[in-house]
Each structure stands twice: as C-alpha cells, then as structure tokens.
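Trainee: I am new to this structure. Can we go through it term by term?

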Amino acid sequence: MTKVYVGMSGGVDSSLTAALLKEQGYDVTGVYMKNWTKDLPGMKCPWADDLADAKRVAVQLGIDFKVFDFENEYKHKVVDYMIEEYKLGRTPNPDIMCNQEVKFKLFLETALEDGADMIATGHYARVEDGVLKQAVDVNKDQTYFLYRVTEKALQKTLFPLGEFTKPAVREMAKERGLYTAAKKDSQGICFVGQIGIREFLSQYVEQVAGPIIDKKSGKVLGQHDGAIFYTIGQRHGLDLGGGLPYYVVGKDMDKNEVYVTTDLNDETLWKPELTLSSVHWINAAPTEGTFKVRIRHRAPLASATLAFEGDDVKLVLHDAERAAAAGQSVVIYDGDVCIGGGIIA
Amino acid sequence: MDPKVLAAMQPYFSDDFYNPSAPYAPAIVVRRAYEAAKDSLGHAIGAKGDEIVMTAGATESVNLAFYSIGGHIVTANVEHHAVLEAAKQFEHTLVAADERGFVSSAAIKAAIQADTRLVSIALANNELGTIQPLRDIAEVVRTEREARLSRGDHTPIYLHSDASQGVGQLDVNVARLGVDLLTLNAAKVYGPKQVGLLWSASHVALKPQVRGGGQERGIRSGTENVAGAVGFAKALELASEHRKYESDRLGTLRDGLESKLVAAFPQAVLSGHRKHRLAGHLHISFPNLDAERVLFALESRGVLVATGSACAANKGTRSHVLTAIGLAAEVADGSLRMTLGHLSNEENMAKAAEYIIEEVGREYTRVQS
C-alpha cells in the first residue's frame, strides 16, 4: 500500500485531502508542520488550536498523526527572506517561498526519510506525471504559489483537491462529518494573518520617517514612516488629504523616499515589459513564444511574448497590466499547465 | 453552573443593580444581600463573614495570601500553578510529594526554617485527587509556632490551604482543618467563574494589593461583585448540604468505572492516593498511548476527559504533577484525568466506561499494528 504523508494544517482543505486519500486506499499519515508559533500584537498565533484540530481529524479518520517541527528552518528560509526582501525595497511572496523551501522540500524530504512514499497537501492544483496543472476551480487555483516546486517533488506529490471546487470540498467535508468541515478559512499570509504586513514588519524593522515626494513636481507632499512599508502601485495608506488619489510609483530605500503621482497613466504603473530573474521551470524550459502569465494570485491570465535574455526572461505583455512590484512573482502558463515563472527584477 | 445558583444571581444583574456602597435605600438592600452572602460563605467554613475577602478566584486569593505574609514559604512540588508561581516571588522550599502525590507532615516539618512564615498546601490535589493530611500539617505548624514563642521568637508562621478542589466533597471547617488562611473558588462548586474568597483568622494581617475605595476592609478595593458573592454563597450552601451524599455517590460511581477500566486494561496505571483520594477523581494512565488521541475520540462521543499532557508531540507540556510524582514519560503521556460530578450517574458512567474501553482499545490496536 502506498504510504502518503498528508500535510494537515487543521483547515478543511487538508482535512478532506487526508479523508479522500484514505478512501482511495492509501496508507495515510497526517503531519502537522509546526512552522510558526509566535503571537503578534493584535493577533494570537492559532497554531496550537490548529494542531489540535488537525489531530482531531486524524483521530476521526483513524490515521497516524505526527508533528514535524520546522520552526527554525521556516524562520530562516521564509520569514527572514521576506524581511530582507522588504528591506531591499522589494515585495516578496512568502507563500511561494514556503512551498519551495518548506512544504515541497523539507516536508517532502523528512516524510520520505520517515518512510513515506509520497506526500499530499490540500492545495488547489493538479499534478500529472510531474506536470503541474491549474485546478478545476479556476477561482481557487493555487498554482501561482507552486511554480517554484521541482518536477522531482511533484512526482512524489498528490493534490486530490485539484479536481473539486471549494464549495464541493466543504460539502464533502460536511458529508463525512469532519471536525473542521465548517471551520473558517485562514486569511492572508499564514504568520501575518489579518494584521497586515505593515504591522508585521514593524516588529522587525525600525520605523524611520521620510518624505513623500510628488514624482512630477519634486514637491514634498507629506511624511511616511518608512519606505519599506510601501509597494509600487499601492494607492492606500498615503494619508495625503483630499483630491485625486495618489499612487506609489517609486521608492529610494537608501534615501528613505517614496515617490507618488496622481497620474494614472504614469509609465511605472503600466509597464508593458517585465524582466524576470531567478527563473524556475518545473519541467523543460519552454521555447520563446506566446504564453499566458499571471502577475499575482487570482489575477486573470494575460497574454505575453516570452524571450530569453541570458538567464533572465523578458515578457512583453500584449495588453498593459497594472504594474507589479519588484520581488513579486510572475507565473507562466502553457494552456492549463503551469510551466514555471520568475521574480520581477 | 447549577441552575439554582444562576437563579439566585439573576436579580443582581438587573433589578438590584445598585452599588452596595450607595447611600439610597435600594442600594442598602443590595448591601445587605452582599453581607448576607458573605455570612453564608463564612458559615459554610465555620467562620465569620467579615473575616472573608472576596476575590476574583482562587488564583487571586492565593496571591493575596502570599503577598500579605511573604517568605520564607514552604509548599509542595505538586501544588497548583497559582501557588507555585506565587511562591517563586519569595524565598521558598518545595517539598517533594511521594509517588501518590501525597505530602507528608514529616516532610513539611523538615522543610520549615527559622524564618519560614507561611506553609501552603492544598486540601486536595487537583490532578490526582490526593487528599493532603492538612490536620497533621496544621499540627506541625502549631508546634513550630509554640516552639518559637517559648524561646521568645515572634516570627509568625501561618498555614494556608487552597481548598478549592476538595470543597464539594470534604469538610472545610477552618477550625477543624487548623488553617490560618483558606482559599476557595466558586466555580469548583458549580458557582460562577472569577469568584473566590480568602478567609484569614483574626490574628493574620492581610496587606492590600488593590487600593481604592476601601471595600473589603480596605484589603481589596473595588465595587463588590454582588451577583458573584450571592452565587458563590448559594453554590457553597448546596455543596455543603449534599456533601456527604454526593461524596458517597461519586465514590461508588468512580470505583465502578475504575474497576471496569483496570479489568479491560491490566497494564493501566492508577495514580493518586488509594485511600485519601477525592471521590470524584480518577487518574489513569495507559502506557505507550497518546492520551490526546483518546481525548479527541471520546469528546466526539460526549465523554469529556482531560490529559496529563497536551499535544504530546510538543515538548515541555507534560503536567508538572506527573513529573513530580515520577511518572515515566510513556506513562504520563497516556494519562487521562477524569472527574465525576453532579451530572454523573450510573447510566452515563456505564456508557462512559464502554466508550473509554472501546477508544483505548482502538488506540492500542492502532499502535501495535
């Protein structure tokens, strides 16, 4: 019998994942990955409750249950990476890093060493022979977060939820009487939760006031409390009073300056070309041509022409897209296959 | 909470909402009700109402006692966290309980120093149900006090007991127990949460930790929790009334459950004193099982139990009591703590035994396969 270790977070998705695999005849072990346990001001980390819920479901299903402690590695590979990127003025995606470094590397390796033949998670995605495909529920599809996973890892991975819609998953969890069937979905970056990235970063970086400057006139419009907290394209939180809304179109991290404009046609907001570095292809690298791309989770797929520039990839968008910030990932699709992507330089 | 307790409290949340310190007539009615409640609480422990300070629970009472008297303090390693954490603020000695969780008066005697001012031992252990030899300990404290006086040493020494755990089943008369200070908690007798009391004998001087309008003889300022006191008084009255009957009843039910479980699982380990144990307590360990799995399986069937360790896979959450009595890790992690109470009866205890046997059996099968 194939031995599958299912990453169980205590949520409904991974609970049903374990249930379905057990029904399909796999020898299932539930694993809670203890990645983050720290409370933040205004947000109690729910890890202990989540762990208990995951274990409750494991008991319901009569499967073995383990806890893998990845707290140190997670802090190092995901949280520190995220903070460093922000310090460089970039906008990283910690969930992508978590999948690359923790779930589909550390968890996979630890599970295999522990006797597993495969791993599974509750991600909404499909995998066939090491090829990653979009979930049937395009609204829930999570391939954006999975594009940096390796083919080798995917060959050892099952995503049973990729075939179902979220409402169907809830329904199936309910039918099976799973303890977590009605549990609310978690929101946002797991360890940041609902408090927001700004509050999270404030715990780790000093807030230093600096000027907000009108890009066109060079005039100082007001003060911000740290350029690190602003992302290109951002509209909110500038607190500059009435009139037309301002958008962030640039920052100088060394000078701690934030540049804004009211001009929605500003070139920074509508870059037709994107250069991607740290490019990752799940299977073989594609040949140059037209592909679909996604510049943030759940953004609609956009057409783009892909060309190689050394190790980097240049994308020319067919229709102008609201700009994505440096550090963000652009994920590339060939039909419904997620072939990989890169990070905006 | 007992419905009778709720009914007694209800008027003081709405119709009789007046501040008992206010001068107008309707407030005086409330003040009288509050004083009557304290008198009733006093009566239940063989003391006067005005010797009692109402608190927000046993933890506050313990802290008030400790901060009033100070160190050196003698207590035991199986005591509740409230006691252990409060003791840490002072010079203190922790007496080691034996493997039954029993704290001998001889061990207390050996730990008392020339500067010991307070001995604090719970009437009964909240995890194991072991009843401590409080009268013997009181005798040790009294002997020490007399010895000091006879040599002209006026360093006081007092005995405090947190009797929260035993109050529903044991005599808590302060004179018979021989204590100088006594802590009680309402929630342990089906009263409201966040309500407790500290009784102290007239020769003990308490020091205010919360200052303000001078309520509770200036020891604990703040507008009185009238509904809480009334509820506590009702709850303690009911508990005292049914104590003997309830204690016998629970003892029979507990013994029945215990013998069924031990018969089904001969490897099970019983903890706590065999003879001096609260009637409603059963602490049983199933070696090499993850008790938390059994807890989760049982909760879904309506049987609610506690474990000796939470989330067994996480280090450092094993009960300090089980560590203190020297229970091996693989035994402690398979520990279930069961308490019987008002709602327990023959029928649901029979069901509980059946479910526990099934679920523990299921876990043993899973682990061994």
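Mentor: In chain B, the C-alpha centres of domain 1 and domain 2 lie 29 Å apart. The model is predicted: local features need pLDDT of at least 70, side-chain atom pairs count only at pLDDT 80 or more, and totals for chains, interfaces and linings use all residues. Residues are numbered from 1 along each chain as its sequence is written, with chains lettered from A and ligands numbered from 1 in the order in which they are written.

Trainee: Where are the two domains of chain B?

Mentor: Domain 1 is 3-239 and domain 2 is 243-368. Those bounds come from an automatic or database domain assignment.

Trainee: How many residues does each domain of chain B give to the contact?

Mentor: Domain 1 of chain B gives 20 residues and domain 2 of chain B gives 20 residues. Two residues are in contact if their C-beta atoms, placed from the backbone, lie within 7 Å.

Trainee: How many residues do chain A and chain B bring to their contact?

Mentor: Chain A brings 10 residues and chain B brings 9 residues. On the side of chain A that touches chain B, H2(A) supplies the largest share, 7 residues. Helices (H or I, at least four residues) are DSSP runs, numbered from the N terminus.

Trainee: What percentage of chain A is buried?

Mentor: Buried residues (20 or more other C-beta atoms within 10 Å of their own, C-beta atoms placed from the backbone) make up 43% of the 345 residues in chain A.

Key. Helix = DSSP H or I, 4+ residues; strand = E, 2+ residues; numbered from the N terminus. Buried ≥ 20, exposed ≤ 12 C-beta atoms within 10 Å, placed from the backbone.
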